[in-house]
Amino acid sequence: MNTIYARLDRLGDLPVFSATVNQIRQISSAGDTDAMALAIAVMKDANLTTKLLRLANSNHYNRSGGKVTAISRAVVLIGFERIRNLCMTLKLIESFADQERDTSVEDLLVAAVLNAATARDLALSAGVEDVEETYICGLLFSLGEIVVAFTLPELYRDMQIMRRERRLSWVNIQQQALGGEFVSIGRDLIQSWGFSKRVVSSLRTGEAPVGCSEQERLNQQIVSGCHQLFGQIYQRSPQLQGDEYTEQLVHMAELTRLPPEKLEETLNHSVRQLCDHIDQYGLSHRALIPPVAASGNESLDEMTRKVAFYVHARQEQQRNKQKQEDAYAAEQRQRLAEYNQRQLQYLEKMSELMTGQAPTTEILLTCVEGIEASSSLERVVFCLSVEGGKQLVAKLLEGEQLDPLMVYFQLNREDPQHRLFFHILDRGAALLVPDARDPGWQNRLPKAYLHSVMPGGLIVSPLIVSGKTLGLLYADKTETSGPVEDRDFKVFNQFLVQCRIALEMGKHLTSAPLKKQQEK
């Protein structure tokens, strides 16, 4: 223990037991805490915030499909206790996995999370009062082994060699190498880090200590029993061979009041659930694949075969998904490079038009074409203000599916359905609607406009030159193409500014050329 503490001191305080996590534990346990108080505590850790939001948006927690972007919303969605446990899980992984990439440590971390999730599910069936505390107990049950593998890696590797060679039982190897068992080390550590007596007492194998309540005894046996079952499935521990897996399964079935086959379904479900979260946790699927070999126990062999097959399939699915994402990213990079090249070409053309006293129509047309060619915006329209600002008429259009825009943008100031666009014209300020399909925007945008134009996202800005309003510049993406991106808005604004400068330099304030262009 002295050696382990010395190594931990040298490595620095582990983030899992940092002030942030302790504050999260205290706040989530307080009876009068609100979601915002817990959210503020979580947001003090940027890495934790990012990973927690990714988990909150996973299919397991977010059944509604709406994107969760606020930690306070995640707290309400997932629940205080579950948020606390997820924070503990993420920080435990960060503490050990990110410090030094060692496969044995990562395997142990996967086993700890798997043990925690399974113990919580079984505790629910067994009638344990605080199943979220059972999760913490399951998560920390193998803390002693994780810390030894982390702080004394060479010694731990030697112990693993002895285990594979089966010279001694795993318990005897621990006693010979360490002077005690992993659970004793873990119990000493979490006691010094201020965990409750109930959690500390759960870290032991065999019978619960005298004086424990029935709930504490049940909790300890479930956590210990899950650890032993997964040890049999993944490690084929020498002290749990053959029929002992069945005996342990029957014992756990009695504790949890579940038939053995239902209990095995729960074990299997926990593996699948962890597969769903493994990427968010930053761990590898590899650690979830058990060895497939004959043990002499038909039930155990069937369990390992099912788990191994499922995880292999998920791993292959993940590889294919990654390939698709890589291909899409490469395609996006290529598309962006093409956009940037076209943007440069059109901006150079705009610069030439500034100095060449080009006609108004040519400047406006170059602006409209440049926006459409240099961004993911699919339709761009310049609407001319006529009749003293009483009407807006589409004059220059670029892109595909333009007919609905040509029909709709014959706007009259007196028509209530057209009021929004004249309001933008009068205010002299741009309007950005990233996603017009959002319910909030669906209620605010004109119904006739949404029905006929069917935009995915849109940008509208008045074109004002030397104090005179020429009209509106409009750009959008179709409903099936998704929202407007940040880069689209920047490109739109850049061409709008360049267009204004070009027109001001030439004082092109007459609408006559545009009328001729329309007639043509």
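Is Glu316 buried, partly exposed or exposed, and what is its relative accessibility? In this predicted model, Glu316 has a relative accessibility of 36% and therefore counts as partly exposed. Its side chain meets that of Arg319 in a salt bridge, with 2.8 Å from N to O. Arg319 is also partly exposed, because its relative accessibility is 42%. Both residues belong to helix α17, where a spacing of three residues puts about one helical turn between Arg319 and Glu316.

The side chains of Arg305 and Glu302 form a salt bridge at 2.8 Å, N to O. Arg305 counts as partly exposed, given its relative accessibility of 41%, and Glu302 counts as partly exposed at 33%.

A further salt bridge joins Glu94 to Lys91, and their closest N and O atoms are 3.0 Å apart. These two residues lie in helix α6 (residues 80-97), three residues apart, so about one helical turn separates them. The cut-off for a buried residue is under 20% relative accessible area. Glu94 counts as buried because its relative accessibility is 17%, and Lys91 is buried with a relative accessible area of 3%. Elsewhere, Arg82, Arg120 and Glu132 are linked in a network of salt bridges. The whole structure contains 16 salt bridges.

The next part concerns the sheet. Six strands form an open sheet with antiparallel pairing, in the order β3-β2-β1-β6-β5-β4. The edges are taken by β3 (410-412) and β4 (431-433); each has a single partner strand, so one side of each has no neighbour in the sheet. From one strand to the next, the twist averages 20°.

Helix α18 (residues 360-374) touches β1, β2, β5 (455-465) and β6 (468-478), and its direction makes about 55° with that of β2. Helix α20 (residues 419-427) touches β1, β2, β3, β4, β5 and β6, and its direction makes about 130° with that of β6.

Strand β1 (residues 379-386) runs antiparallel to β2 (residues 391-399), and eight bridges join the two. Within this pairing, Arg379 stands opposite Gly399, and Val381 stands opposite Leu397. Four residues lie between the strands in the hairpin of β1 and β2, where Glu387 takes a positive phi near 55°. Strand β1 also pairs with β6, again in the antiparallel sense, over six bridges.

How do the side chains of β1 point, and are they buried or exposed? In a regular strand, side chains alternate between the two faces of the sheet. In β1, Arg379, Val381, Cys383 and Ser385 point one way, whereas Val380, Phe382, Leu384 and Val386 point the other way, and all are buried. The strand is mostly covered, with eight of its eight residues buried.

Met36 is located in helix α3 (residues 35-42). Met36 counts as partly exposed because its relative accessibility is 44%.

Notes. Residues numbered from 1 in each chain as written. Predicted model: local features only at pLDDT ≥ 70, side-chain atom pairs only at ≥ 80, totals over all residues. Heavy atoms only, no water. Pairing = 2+ DSSP bridges. Axes fitted to C-alpha atoms, helices over the stretch in contact; angles between N-to-C directions. Contact = heavy atoms within 4.5 Å. Buried < 20%, exposed > 50% of the residue type's maximum accessible area, 1.4 Å probe, protein only. Salt bridge = Lys/Arg side-chain N within 4 Å of Asp/Glu carboxyl O.
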